[in-house]
Amino acid sequence: MDKLAIVVPCYNEEEVLKIASEALRGVLDDLVKKGKIARDSFILFVNDGSKDRTWELIEEEHKAHPVQVCGVKLAGNVGHQFALTAGLITAKDMSDVTISIDADLQDDVNVIEEMIDKFHAGNDIVYGVRKERKTDTFFKRVTAQGFYKLMDAMGVKSIYNHADFRLMSKRAVEQFSKYQETNLYLRGMMPLIGYQTDMVYYDRLERVAGESKYPLKKMLALAFNGISSFSVKPISMVLGLGLFIVCLSVIAGIYALISYFTGNVEPGWTSLIISIWFLGGLQLLAIGLVGQYIGKIYIEVKHRPRYNIEKVLSSEDETK
């Protein structure tokens with residue numbers, strides 16, 4: 001029987017943690033009764049440097065349910081993608097299959113059974129995909145859809161309307177652990193693994209409690225990180241724009257020469273100033289864009305640890 005680990009990254013989730021624990025333990029109990037997972041399957045909460053009582057609540061849940069609830073305490077806040085990575089790699093050596101889900105329970109836990117069924121059918125990765133975005137505000141819906149379309153336009157391979165709710169087999173996580181880059185964009189990395197995949201579809205629910213940990217600012221940062229980590233198309237676009245400006249400059253030069261020899265010369269202060277400001281801004285944009293890529297190279301070549309684990313609560317109550 002396969003041992004399941006449900007990995008839940010947490011940052012300031014004290015309002016929802018016990019609710020999430022109860023709901024996910026109910027899912028585990030149901031799957032165990034149906035004989036679809038091993039009895040020692042568990043939830044792995046990953047505390048990403050929370051400033052509230054999240055870790056204390058994880059410890060309480062572990063004491064109350066030592067087999068079903070485990071925990072990882074990271075030394076400081078490293079961000080959602082790193083926290084999720086830490087959880088997956090930690091769970092890899094403790095389970096046969098993992099499912100990642102956010103603590104806010106907006107992803108429907110009822111489709112976890114369908115994920116397990118598709119895993120037993122031979123799929124190494126099963127993506128949880130939203131059917132629609134009725135619960136989102138108009139602004140959130142438009143920006144989210146724009147996000148995925150932008151990813152596609154930039155050549156980043158990802159699953160439309162899929163976040164980080166997914167099932168991964170042990171060997172899929174082992175392959176993922178070999179990707180050592182620091183600039184993580186998990187939604188784009190998973191399709192690179194290449195194993196057999198499938199999807200389950202669900203309606204996204206309202207957040208049970210607390211606040212969203214992905215406001216517009218973080219969403220934009222995630223989008224840029226995904227683009228710059230998987231595509232050089234922005235640099236190609238700047239190059240194309242530069243070539244276009246050169247062509248316009250040649251045309252403008254020919255026009256200026258014709259005007260000069262025909263005596264049709266007028267003061268061009270306005271056009272000159274506009275040209276200087278435009279080209280200057282374009283150059284700064286190009287330099288800044290290239291600088292972002294160089295900055296990412298700088299971060300990657302240092303090979304610093306992506307996260308540090310301070311403490312682990314396992315079913316054997318081992319502390320690392």
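Trainee: How much accessible surface does the protein chain have, and what share belongs to carbon and sulfur atoms?

Mentor: Happy to start there, keeping in mind that this is a predicted model. The accessible surface of the protein chain comes to about 16800 Å². The part that belongs to carbon and sulfur atoms is 60%.

Trainee: What percentage of the residues in the protein chain are buried?

Mentor: Here buried means under 20% relative accessible area. The protein chain has 320 residues, and the buried share of them is 44%.

Trainee: In what order do the strands of the open sheet lie?

Mentor: The protein chain holds ten helices and eight strands. The open sheet has eight strands with mixed pairing. Its edge strands, each pairing on one side only, are β7 (197-202) and β8 (309-313). From one strand to the next, the twist averages 20°. The order is β7-β5-β6-β4-β1-β2-β3-β8.

Trainee: What angle does the direction of helix α3 make with that of β1?

Mentor: Helix α3 (residues 80-92) packs on the sheet, where the strands it touches include β3 and β8. Strand β1 (4-10) is also among those touched. The angle between the directions of α3 and β1 is about 155°.

Trainee: Which strands does helix α7 lie across, and at what angle does it run to β6?

Mentor: Helix α7 spans residues 186-193.

How values were computed: Residues numbered from 1 in each chain as written. Predicted model: local features only at pLDDT ≥ 70, side-chain atom pairs only at ≥ 80, totals over all residues. Heavy atoms only, no water. Helix = DSSP H or I, 4+ residues; strand = E, 2+ residues; numbered from the N terminus. Buried < 20%, exposed > 50% of the residue type's maximum accessible area, 1.4 Å probe, protein only. Areas by Shrake-Rupley, 256 points an atom, 1.4 Å probe, with all protein chains shown as cover. Pairing = 2+ DSSP bridges. Axes fitted to C-alpha atoms, helices over the stretch in contact; angles between N-to-C directions. Contact = heavy atoms within 4.5 Å.
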